Amino acid sequence: MAYQIEDVKQALQCISSNVRQEEKNSALQFLEQFQKTVDAWQLCHTVLSRGKLEPLDVQIFASQTLRNKVTYDLNQLEGNLEPFKQSMLQLLVQHSNKLIITQLSVTMARLSIQYLEWRNPIGEIITVLNPYPVKLLCFLKILPEETLDMKSTPLSEDEFKSRTHELINQIAEDVLNFLISCIDVAGEESEVKLEQVLNCLSTWIYEFPIEQMLTVTPLINMVFQALFESYTDYPDTFEAAVECLSVLLRETRDVANVEMIKMLYDQLMLLQSKLLPPIETVQDWSEYEDMMDALTRLFVEAGESWCVFIGKDPQTFKPLVQVILLLTCKNTDLDVVKYTFPFWFNLKQMLVLARYSQQKQQYQDIYVQLINGIIMHLEYPEESFPNKEDEDKYREFRYDMGDVLKDCTAVVGPIKALTQPFQMIEANLAQDVSTMQWQKLEAPLFSLRTMGQEIPTTENTILPQIFQILCNLPEHPKIRYAVTLVLGRYTEWTNKHPELLEMELNYIFNGFQTTNNDADLFTASSHALMYFCQDCSSLLSNYVEQLIDFTWKIEPVVDMMCMFEVCQGLSSVINEQPIETFTQAFELFSKPHSERLQRAVESWKAHPTDKDASVRLADLIDLTFAIFESLRPRYEYPSQGAEPLLPYIESIWNLASDLLNYEGGATNTIIVERIMKLLRRLFEKYHIFLESILPMVVEMLAQNYAKTGLGSYLWCSGSLIYVFGDDESYPIPPELKQAVWCFACSQCETFLNNFSKINPSEIDMYFENVQDFFLMVLDIIMFYPKQFITTTELVGSVVDCALQCLDKLSNFDCYITVIRCLDEILSWGYEAPPISTMEIDIVPVEWRANVLNIMVLQKGSQVVSVTICGLTSNLNSNAHPEAIGLLVKLFKLATEANNNDPSICMQWLSDSLGILRPVSANEKNKLMSIGSALIQKDYRRVRNNIKDFIGWYLRKHVSPRLYK
């Protein structure tokens, strides 16, 4: 279609109007397509040439389009680059709008990088813009930034490095001299502003050794002078100076010259003393938020860059750390406070090393003060948050502060660290209870919880005192919630201090018996009880009856998630029972649970279509799953003794079988998923002890999957395959292993038959089934490699299915599983097996020949084309490494099998490019150069060339260009 300027104007007007979103989307799509056309060059040039005769938004869009055209479509101007270059220089001189100048400057920078025949491009641009110093500063600021991004060009890595080196190095010294000359003319009365000079300098600092840059006295003096003098009257200049000095400081990370560092350090300390008043004179630090923001950025940059010097020499650098402490503890803007956290972590990492033990002593007082400052920040505001988003953001920030408290604890030691919140709690308890604020107690409680990771279980000095106080704090929902979480965090410590166990457990139990049905408190209490049961299971083994009794008492008042966690914990305690009482303990839980489960089954059978009844039943099945969390067989193998829980497991299976056989049971997805989840756990835990029910479970899985097609049955099938296929871990009789292999083949056949009936356009709707199938196939390949690889028809069908799916799926977990399955099959084409096994040292020739025949000779071209199609369409970038790895592995195998001749791979690649949108000859040649890399066995270059091509293709044809 022929594009007209009026059409573009109407589309731009549409997306900024109040029309329906569908119309805006249509207009955006039109503009996207326009930006990719050849017509866009001339139309945009015409708009910009007309200048003020066209609306500003249209001019800005035209400049953005030209920038994108140079980035992605410069090959469309082949043979016309010289006149285009001249016209762009004229437009740059013509325009005065800042946004347009910026876009045209980016365009010229990218053109100068790509137009390799243009000799001395920067010199020519500087000559043209020399009468216009503001435009020249804008262009020079942008140029180094563009040389950092190879992705914005189609050049190879070598071409890009050579070209950018040529562009920058030729003019670097001239740029410095130009910036120095601008210092004298810059000012409020001049067209050239000091912030423009500073912004330009910021991007050029990277182009020089920092030691050299720090000797350019006029420029360094300019930066500090702007910081000292411009804050009040010229905020833009001050901000530009802050950014410039931040870059300078960042670049000093590798400077070994301590004198040069001290020169900057002295200036920084002077800056802080001039811009911030003495700490004792400040009543309200919120008045200094903007200033503290700037100083925080500078001092944190210095602290992170000089961390080694700071760690080694406290005598010199401790004042700098004290300033960062001030900026951390007194700043009222918590987003800015967060800037300091990496510094405290990095310094801690040094101070905890044995060789810095003396320096650690000298910094401990600062870290103690930091603990107190962080706890102050942890206090919830007295007024409620204006919205949930702000509250969630603050809660997330508290966990970040908790990480800092862990750093502090590692430096000052557990006693000093714990003493700080302990003293705060005591101080608050000394006040009148009627005036006490819960926030003042909750903050130190939170800090105690976060410090827990750094507190050894041998700490006997202060924690016993703390816990005595915690379990007797004034009653308040927020306080009880915080204390409960603290107790749950220190369960490993409590296991070493059993004298406190009863007191702490009573506190947890009381949390379930509050009268206000606080859901958060119930959740915290169930978490804590679970951890107590897991970490103190041996101490609690004598209290199993009371725990089980308590579990069923709280069931009516807590939600199912809380019950699930309590049952998980209870599982650890039951598992600790001696064999004489083990069965009795399990039955104490099992009997009331079975009764509830049976009632739920009857209720569901009476109303099989009632979703609530299904959920209630499924939840109770899930509690059975939870109680088996920590249970283990009493013996290693059946030959050593009978498993005491086998009768109970058989009764569980009978109930499950009855449910699935009942009308509607086998298709009820909620119930089926929970039963399959439970069966997987039982077989994973009790493996060959469950041989008695295996035939019935196998029959159920095969029949129900054939009837319903539900992927959950395949998911459960995988557990049987890897349990009874693993004859290296368990004494599996050969005939049993063979029977399970036949079962696996049956499940594969059923899936493949069902899959063949799916419309290709609807494959993505069945992604869960597809994933379950390929997960099962991965289990088959792992435990039945010989049977699978040598069954030619099955391998071929699995590969065909994978190739039909790969470029049509949108779910990441699903398509990454498909890629891994193809990769696993391909791996068996090499001499070295992809798994470690006692049976296979070298992959048999017959196996390798089968993989080579299927994956290379028969389907190699399709594997390449489908994978390339997926890489350029539906596959997320996180999947690209594995997808490209699959291609590299295929190319390597094909080349080696063809006497080191990669010609077949090149043919596959060439064919796959034919199904893509137009690819330039240059890009195709760069991709096809992997042929020489394959001959040289340079697989890293093969991988990188494919990666670069995919990146280029996505930027040019797939990624949105509009306003990018």
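Predicted model: local features only at pLDDT ≥ 70, side-chain atom pairs only at ≥ 80, totals over all residues.
The chain has 964 residues, of which 55% count as buried. Its secondary structure comes to 49 helices and zero strands.

**The chain as a whole**

- Taken along the principal axes, the C-alpha atoms fill a box of roughly 95 × 80 × 60 Å.
- Consider the contacts between residues at least 6 apart in sequence: 74% of them join residues at least 24 apart.
- The protein chain carries 78 positive and 125 negative charges.

**Aromatic rings**

- The structure holds 38 aromatic pairs.
- One of them is formed by Trp 344 and Tyr 367: the ring centres are 5.4 Å apart and the planes stand at 75 degrees, so the pair is edge-to-face. Planes over 60 degrees apart count as edge-to-face.
- This pair links distant parts of the chain. Trp 344 belongs to helix α19 (residues 341-351), while Tyr 367 belongs to helix α20 (residues 357-378). The two residues are 23 residues apart.
- Trp 344 and Tyr 367 are both buried.
- Elsewhere, Tyr 3, Phe 30, Phe 34 and Phe 61 form one aromatic cluster.

**Charges over rings**

- Phe 582 has Arg 634 over its face, at 3.8 Å from the ring centre.
- Tyr 784 has the charged end of Lys 737 over its ring, 5.4 Å from the centre.

**Helix α7 and its cover**

- Helix α7 spans residues 121-129. Its buried residues are Pro 121, Ile 122, Gly 123, Ile 125 and Leu 129.
- What covers the buried residues of α7? The cover includes α5 (81-94), α6 (98-114), α8 (133-146) and α9 (157-185).
- An α-helix has 3.6 residues a turn, so residues three or four places apart point the same way.

- Glu 923 is in helix α47 (residues 921-928). Is Glu 923 buried or exposed? Glu 923 counts as buried, because its relative accessibility is 4%.
- In sequence, Glu 923 and Leu 155 are 768 residues apart. In space, their C-alpha atoms are 8.7 Å apart.
- Glu 923 is in contact with Pro 154, Phe 949 and Trp 952, leaving aside neighbours within four places in sequence.
- Thr 551 is in helix α30 (residues 544-554). Its relative accessibility is 1%, so Thr 551 counts as buried.
- Which residues does Thr 551 touch, not counting those up to four places away in sequence? They are Met 563, Val 566, Cys 567 and Leu 570.
- Gln 771 is in helix α39 (residues 767-783). Gln 771 has a relative accessibility of 19% and therefore counts as buried. The cut-off explains this: buried means under 20% relative accessible area.
- Gln 771 and Cys 814 are 43 residues apart in sequence. Their C-alpha atoms are 4.8 Å apart in space.
- Cys 814 is also among the contacts of Gln 771, along with Asn 811, Asp 813 and Thr 817, once neighbours within four places in sequence are left aside.

**Two loop residues with positive phi**

- Most residues other than glycine have a negative phi.
- Asn 899 has a phi near 55 degrees, a positive value in a residue other than glycine. Where does Asn 899 lie? Asn 899 is in the loop between α45 (880-897) and α46 (903-913).
- Asn 899 has a relative accessible area of 73%, so Asn 899 is exposed.
- Lys 937 is not a glycine either, yet has a positive phi of about 60 degrees. Lys 937 sits in the loop between α48 (930-935) and α49 (939-958).
- Lys 937 counts as partly exposed, because its relative accessibility is 45%.

Notes:
Residues numbered from 1 in each chain as written. Heavy atoms only, no water. Phe/Tyr/Trp six-rings, centres within 6.5 Å; stacked < 30°, edge-to-face > 60°. Helix = DSSP H or I, 4+ residues; strand = E, 2+ residues; numbered from the N terminus. Buried < 20%, exposed > 50% of the residue type's maximum accessible area, 1.4 Å probe, protein only. Lys NZ or Arg CZ within 6 Å of the ring centre and 35° of its normal. Contact = heavy atoms within 4.5 Å. Lys, Arg positive; Asp, Glu negative; His and termini not counted. Charge placed at Lys NZ, Arg CZ, Asp CG, Glu CD.
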